[in-house]
Amino acid sequence: MVVPDAAAPASAPDAARERAIGGVYAFTAYLLWGFLPLYFLLLAPAGPWEIVAWRILLSLVFCVVLLTVTRTWRSLRAIMRQRRLLLWTAVAGVLIYVNWQVFLIATLTGHVIETSMGYFINPIFTVLIGVLVLRERLRRAQWVAIGIAGLAVVVIIVGYGSFPWIALTLATSFGLYSLVKKQIGPSVDAISGLTLESMWLAPIAIAELVIVALTTGLAIGTVSGWHTALLLMAGVMTATPLLFFAAGARRAPLTLIGLLQFIAPIMQFIIGAWILGEPMPLERWIGFSLVWLSLIVLTADSLVAARRSRGGVSDVADLT
């Protein structure tokens, strides 16, 4: 397996090649995330709390192995001497923990479609972060996209009769996680970052396993050898797309990342609606249609802005 960003080269290739590599890494991450609901459903009867705990601890083990194989312990030690970077990795760890836990609870309780909506909304939330945190000024089309997405949430609440807390929590947590990773920038490589995030979360994971063991009982080792093997793969299945995402986010333009991130929710929507047969009443179709419309507006505006700023060259062209 080729690990992205194991050790950043001293002299980077030209910018176009770097953007292309970043695009491939990001595409791989979102493709793997798209298949995750099917993988987690194979882990039943293990519950969401146990699975998340194993994800954290086994991700940490996987990262330790990668650090050893790639001989990048020195990079990790250098990062640990900087308090500001340690703080950022702790914040990133908390955010990704919330994202993982909500995603697992939703997937194992028959709400895969709502997880897809969360990641569809994520680009809209990213734009809001630009306004609220980075104090960016929005273009008119971006305001229109936000308004349509807000209307979609209202339609779902009123028509479907439930507040889409799963979707909004996923969008918020991953949007803020992406912002933190962008703030850290090239100061923290992908493997070191995930190692520190997993390290901060390890006490929480151990506490969760103890609580599950004392209440419902741990599922690992009690079902079959195949089930145990799948559960032990949770670290690899968790760490691999995150490593690809971290490596891609550092290289690829935000416009390209914004386009590629639709891959995962599209796959999750297909899995939920057509493979798992989750309900899609008219109100939910209307809500999703409004979200998709807002994304079309946002994407078109981003592409036009990218062409203008780069003299008529789109970010998407960097992949071809």
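Predicted model: local features only at pLDDT ≥ 70, side-chain atom pairs only at ≥ 80, totals over all residues.

Biologist: Which residues of α7 are buried?
Modeller: The buried residues are I166, A167, L170, A171, S173, F174, G175, Y177, L179, V180, K181 and I184.

Biologist: And what covers them?
Modeller: The cover includes α1 (15-41), α4, α5 (112-132), α8 (190-214) and α10 (234-251).

Biologist: What follows α7?
Modeller: G185 comes next, with a positive phi near 60°.

Biologist: You mentioned α4. Is Q101 buried or exposed?
Modeller: Q101, which is found in helix α4 (residues 83-108), has a relative accessible area of 5%. The cut-off for a buried residue is under 20%, and Q101 is therefore buried.

Biologist: What is Q101 in contact with, leaving aside its neighbours within four places in sequence?
Modeller: With those neighbours set aside, Q101 is in contact with P48, W49, V52 and E208.

Biologist: Now the rings. How many aromatic pairs does the structure hold?
Modeller: There are 19 aromatic pairs in the structure. One of them is formed by F103 and Y119, a tilted pair at 6.3 Å centre to centre with 55° between the planes.

Biologist: Which parts does that pair tie together?
Modeller: F103 lies in helix α4 and Y119 in helix α5, so the pair links parts that are 16 residues apart in sequence. F103 is buried at a relative accessible area of 5%, and Y119 is buried at 13%.

Biologist: Why is the pair of W285 and W292 edge-to-face?
Modeller: The ring centres of W285 and W292 are 6.4 Å apart and the planes stand at 65°, so the pair counts as edge-to-face; the cut-off for that class is over 60 degrees. W285 is partly exposed at 32% relative accessibility, and W292 is partly exposed at 26%.

Biologist: Which residues form one aromatic cluster?
Modeller: Y30, W33, Y39, F40, F103, Y119, F174, Y177 and F245 form one cluster. F174 and Y177 in that list are also among the buried residues of α7.

Biologist: Let us change topic. Which residues make the nonpolar surface patch?
Modeller: The patch has an area of about 850 Å² and is made by L41, I266, I270, W274, I275, L276, L282, W285 and I286. The elements giving two or more residues to this patch are α12 (263-275) and α13 (282-309).

Biologist: Which element gives the most?
Modeller: Helix α12 does, with four residues. I266 is found in α12 and counts as partly exposed, at 40% relative accessibility.

Biologist: Finally, the backbone. Where is P45 placed, and which peptide bond is cis?
Modeller: The bond from A44 to P45 is cis, with omega near 15°. P45 is placed in the loop between α1 and α2 (48-70).

Biologist: What is the phi of R71, and where does R71 lie?
Modeller: R71 has a positive phi of about 55°, although it is not a glycine. R71 lies in the loop between α2 and α3 (73-80) and counts as exposed, at 75% relative accessibility.

Note on methods:
Residues numbered from 1 in each chain as written. Heavy atoms only, no water. Buried < 20%, exposed > 50% of the residue type's maximum accessible area, 1.4 Å probe, protein only. Contact = heavy atoms within 4.5 Å. Patch = residues over 30% accessible without salt bridge, like charges linked within 9 Å, V, L, I, M, F, W, Y side chains within 5 Å. Areas by Shrake-Rupley, 256 points an atom, 1.4 Å probe, with all protein chains shown as cover. Salt bridge = Lys/Arg side-chain N within 4 Å of Asp/Glu carboxyl O. Phe/Tyr/Trp six-rings, centres within 6.5 Å; stacked < 30°, edge-to-face > 60°.
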